[in-house]
There are 2 protein chains.
Amino acid sequence: MGRSTIREVSDRAGVSVGTVSNVLNAPHLVADPTRARVLSVISELDYRPNRAARSLQARRTYLIGYRLPGPGKSPALDVFLHALVGAASGHGLEIALFSPRHGETELDAYRRLIRGGDVDGLVLSETNYRDPRIELLNESGVPFVSFGRALDSQPSPWVDVDGASGMRLVVDHLVAAGHPQITLAAWPEGSESGDDRVRGFGPGANREVIRVLGGFENGRRLGHSLFGRDRPPTAVAAVEDSLALGMMAAAADLGMSVGRDVAVAGFDDSEAAALVTPGLTSVRQPMDQVARCLIDGLVSILDGGPVPHSRLLMPDLVVRESTGR
Amino acid sequence: MGRSTIREVSDRAGVSVGTVSNVLNAPHLVADPTRARVLSVISELDYRPNRAARSLQARRTYLIGYRLPGPGKSPALDVFLHALVGAASGHGLEIALFSPRHGETELDAYRRLIRGGDVDGLVLSETNYRDPRIELLNESGVPFVSFGRALDSQPSPWVDVDGASGMRLVVDHLVAAGHPQITLAAWPEGSESGDDRVRGFGPGANREVIRVLGGFENGRRLGHSLFGRDRPPTAVAAVEDSLALGMMAAAADLGMSVGRDVAVAGFDDSEAAALVTPGLTSVRQPMDQVARCLIDGLVSILDGGPVPHSRLLMPDLVVRESTGR
DNA sequence: GATGCGCCCTGAAACGTTTCAAGGCCGGAA
DNA sequence: TTCCGGCCTTGAAACGTTTCAGGGCGCATC
């Protein structure tokens, strides 16, 4: 304990504090022998600059704010977060997780961070049409990037995964496997990512879209109704894995074999998709790439560089046994 | 933008900065009319104290450090993290996610945070026997609490879930369902939580423990070998869900019906357990309670209160169809 | 022998708070 | 009237950095 300060280092090395600071932040300004001496004192005392003091003067906190999506809202949260933290760390930044305090609304919490200068920038996820956070952040001028398009707000940099293309991969795969007629379980209209995925499904007489709320149980119920029809679909897809898993459960309930009697495909490649039997074919979002793009873009803004161009990344299809052998 | 400072507030309210500070931090020291006037200026200017300045002077960062476990290492990470963030937020704290920088070891990263005063305290998870982090933190005197016991290190406060009891719940449940003979898939000896769970399994002629590495594929392989025996077990348990799910897959491969021909139970109640068919009976850890205890304990230390007593929490069994109808 | 130019280094201001000794003021007690 | 104590407020120091104008010194140039 008893952290040492830059003052102690400078005294011990027989230089001024400014020089020590330069050794750390602008080494080329310091003569070789001086630098060596200072560095040795630094490691001798195990000195690390105090972050608060540095922040105060530099008007930088080296912290990026992120608000966790509600539990169960983000598939692959752990890989996304991990990637985010890793990418940030590469730039000397850390991720600060915040949450509304007692009596605060969601937006209040964002406001607090902004006005208090608590973070250098923010990462948003789970964005949707007319996202109020985006308007707030745009007004306040805080650097931010969002995971998810924000097309109807003032333009701001985003990174997103092309849900329409992902769904097209699913459809093509099912059609190639000989299923001309496909039923899609989709969320109610009005969610940007859901609508995007449905868009890739395409219209047509041999395409049916059914709207339900998300979740396993809703999928199961829907499955029972679909598979109980006179001419049940031979292939079903979904805009999220848990709906698909629910339909798989319904098929099992009815004694049907998923993969043989009926093909099922999901979306997001959640952890569960790989752990069920048969494995669930699903669309995988390149989360680590998303995180890297987000952080790189944010850092570019922070460093006063150009506002990065938004990026639409391509997902890929992970084929498993649920869509046939 | 253009954040306002305490100086602007004090000027505008016609008081000194000290008074404004007191309004915020020690309201009882300020006369009512003054307080009201200052508060109105504060909200007029939308003033929020600058965190870096406050930290510098108060030698408090209002940040708790947490190192994410490797991806896929923590079941229920999102519920745990959410609970952690929420509990911290209740005390005006936020969670800072850090990660070793380029060239740093895991421990170096902890050292950096400590010496730089980057965080007020730390939360550890995935602790194990002779955890070097615990020794480091104990030496350095930084407040911390760990999720997981650290019995062989110097004593330090922890919160844990009683794995032995959890496993006992599984065994009792299976025995009650008429399975006298049970096989347990366990990790190799040497992991504190794994060993704890095995301990609850109990010895005996009708108990068999098989050691394998974790993961779905290892479970599947093990399942094939178990179910291919002359007299296959009628009930299998596992120290983690993915092993159990692998065994379920093996059963399906062999045309056996899980829940009827064989009972399967897992541990951790991961998201997948509820999403497979049949649902996987599993042991649920009270993650939100764990998080609350951790933060409450840490806050007590930070506030100079007593070092909290460690707590062993009880898990419960979530019974689903995999262990019979 | 001046002059000019680079290179290093110093000293002090600044960042925005909190804290605390000191002092003004008012009312009540002597 | 004087003195005392409590309440409220002020002013300035302190927290540990970064930044930047300025100065000393050695060397090349004229």
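How many bridges join E2(A) to strand E2 (residues 94-98) of chain B? In this predicted model, in which local features need pLDDT of at least 70, side-chain atom pairs count only at pLDDT 80 or more and totals for chains, interfaces and linings use all residues, three bridges join the two strands, which run antiparallel. Residues are numbered from 1 along each chain as its sequence is written, while chains are lettered from A and ligands numbered from 1 in the order in which they are written. Strands (E, at least two residues) and helices (H or I, at least four) are DSSP runs numbered from the N terminus, and two strands pair if DSSP finds at least two bridges between them. Within this pairing, A:Ile95 stands opposite B:Leu97 in E2(B).

Across the two chains, 53 residues of chain A are in contact with 54 residues of chain B, contact being defined by C-beta atoms, placed from the backbone, that lie within 7 Å. The largest share of the side of chain A that touches chain B, eight residues, is supplied by H5(A). That side of chain A divides into 25 nonpolar, 17 polar and 11 charged residues, where Ala, Val, Leu, Ile, Met, Phe, Trp, Tyr, Cys and Pro count as nonpolar, Asp, Glu, Lys and Arg as charged, and the others, Gly among them, as polar.

Around DNA strand D there are 27 residues, of which A:Ile6, A:Gly18, A:Ser21, B:Gly18 and B:Thr34 come nearest; a residue is near a strand if its C-beta atom, placed from the backbone, lies within 6 Å of it. The surface near DNA strand D receives its largest share, six residues, from H2(A), and its residues comprise 13 nonpolar, 12 polar and two charged.

Strand E6 (residues 182-186) of chain B and E7(B) pair in the parallel sense over five bridges, and B:Ile182 stands opposite B:Arg207 in E7(B).
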